[in-house]
Each structure stands twice: as C-alpha cells, then as structure tokens.
Amino acid sequence: RSRGLGDVYKRQFNYFAYVNDNNVVEQVITCDDPDKLRSIQQYQALGLSPGRWIQATEKTRRPSKSNNYDPVKNIFYPERRFESWHLNEETMWWEPPHPKPPITEKDGRLISTWNWDEDTLQWIPQTCVNCGPNDE
C-alpha cells in the first residue's frame with residue numbers, strides 16, 4: 001500500500017535535545033521514531049561534546065539551542081539574557097527586577113512593546129511606528 005499525503009501528516013514528530021555535561025542544549029532534532037534516534041546516537045557524527053539526548057515532552061517544554069536543562073525538574077528553560085534577572089524556581093522562567101508595564105498610550109502614541117535596558121534596569125517604551133497623535 002502506498003502512503004498518501006494524509007499519512008505523512010498523521011506521523012508524530014518528536015523533539016530531541018542534545019544536552020552537554022553543563023546541562024546546556026547544543027543541538028535539537030526532530031525524529032518520528034526513537035529507533036532512528038538510537039541509530040543517530042551510534043554514529044555521533046554531529047561532533048558534539050559529551051552529554052546525552054533528552055526527548056522533549058509536554059512537561060519538559062520544547063527545547064531550543066542554548067536553552068538550559070534542569071535534570072532534577074526535567075525541564076528546559078531559556079538562557080539568561082540579562083544579569084539582573086533571576087530564575088523563578090517554580091515557573092523556570094527568568095524574571096526582571098520589576099514587571100514589564102502593560103501596553104498603554106504615551107503622548108497619544110500606542111506603546112506596542114517594552115524593551116529591557118540592563119544599564120538603567122528600566123523598561124524602555126517602544127511606540128507603534130504607524131501610530132500618530134490623536135487628532136480627535
């Protein structure tokens with residue numbers, strides 16, 4: 001029986017992260033079969049440092065290159081972007097010294113996003129490019 005396009009979309013792809021001995025993700029691959037992953041592991045043709053492959057699950061979150069991995073909690077979490085941020089041990093997300101402000105208006109312009117400034121330890125507003133002052 002030949003496989004149709006629908007059969008391809010039904011196939012489940014799994015994410016596997018190669019985590020080095022420092023618990024940092026070096027490589028992420030998708031694979032539809034754990035047996036295929038075992039054959040990849042045999043060859044180690046990727047030139048990776050000593051470590052292990054971790055299969056991503058809903059609990060672990062989907063990994064990305066340079067993520068951290070906590071082997072005790074079995075979870076991937078992002079790399080630290082700013083020195084002033086701390087890791088929330090319950091959520092495993094980095095948090096700033098004070099929360100990001102909500103989207104608001106400033107001088108008649110919509111603030112579409114906030115960027116963290118590590119030098120001043122403040123959130124800097126970024127206004128919407130196409131938003132002008134209210135003429136009403």
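Reader: How many aromatic pairs does the structure hold?

Author: This is a predicted model, in which local features need pLDDT of at least 70 and side-chain atom pairs count only at pLDDT 80 or more, while totals for chains, interfaces and linings use all residues. Residues are numbered from 1 along each chain as its sequence is written, and side-chain values use heavy atoms, with hydrogens and water left out. Rings of Phe, Tyr and Trp (its six-membered ring) pair if their centres lie within 6.5 Å; planes under 30 degrees apart count as stacked, over 60 as edge-to-face and the rest as tilted. The number of aromatic pairs in the structure is seven.

Reader: Is the pair of Y77 and W94 stacked or tilted?

Author: The ring centres of Y77 and W94 are 6.4 Å apart. Their planes stand at 50°, so the pair is tilted.

Reader: How many residues apart in sequence are the parts that Y77 and W94 tie together?

Author: Helices (H or I, at least four residues) and strands (E, at least two) are DSSP runs, numbered from the N terminus. Y77 belongs to strand β5 (residues 75–77) and W94 to strand β7 (residues 93–95). The pair therefore ties together parts whose separation in sequence is 17 residues.

Reader: Is Y77 buried or exposed?

Author: Buried means under 20% relative accessible area, exposed over 50%, and partly exposed in between (1.4 Å probe, protein chains only). Because its relative accessible area is 13%, Y77 is buried.

Reader: Which residues form one aromatic cluster with F82?

Author: F82 and W85 form a tilted aromatic pair, 5.1 Å centre to centre with 40° between the planes. Both F82 and W85 are buried. The residues that form one aromatic cluster with F82 are W85, W116 and W123.

Reader: Which residue forms a salt bridge with K73?

Author: A salt bridge is a side-chain nitrogen of Lys or Arg within 4 Å of a carboxyl oxygen of Asp or Glu. A search of the whole structure finds one salt bridge. Its closest N and O atoms are 3.2 Å apart, and the partner of K73 is E89.

Reader: In what order do the three strands of the open sheet stand?

Author: The protein chain has two helices and 10 strands. Two strands pair if DSSP finds at least two bridges between them. In the open sheet of three strands the pairing is antiparallel, and the order is β2-β1-β3.

Reader: Which are the edge strands?

Author: An edge strand here pairs on one side only. β1 (residues 14–20) pairs with β2 over six bridges and with β3 over five bridges, both in the antiparallel sense. The edge strands are β2 (25–31) and β3 (51–55).

Reader: How many of the seven residues of β1 are buried?

Author: N14 is found in strand β1 and is buried, with a relative accessible area of 18%. Strand β1 as a whole is mostly covered, and its count of buried residues is six.

Reader: What is the bridge partner of N14 in β2?

Author: Contact means heavy atoms within 4.5 Å. Leaving aside neighbours within four places in sequence, N14 is in contact with I29, T30, C31 and Q55. The bridge partner of N14 in β2 is C31.

Reader: Which residue of β3 is the bridge partner of Y18?

Author: β1 and β3 pair in the antiparallel sense over five bridges. In β3, the partner of Y18 is W53.

Reader: Which residues does V28 touch, not counting residues up to four places away in sequence?

Author: V28 has its place in strand β2, and at 27% relative accessibility it counts as partly exposed. Its C-alpha atom is separated by 9.7 Å from that of Q55, 27 residues apart along the chain. The residues that V28 touches are Y15, F16, A17, P63, S64 and K65.
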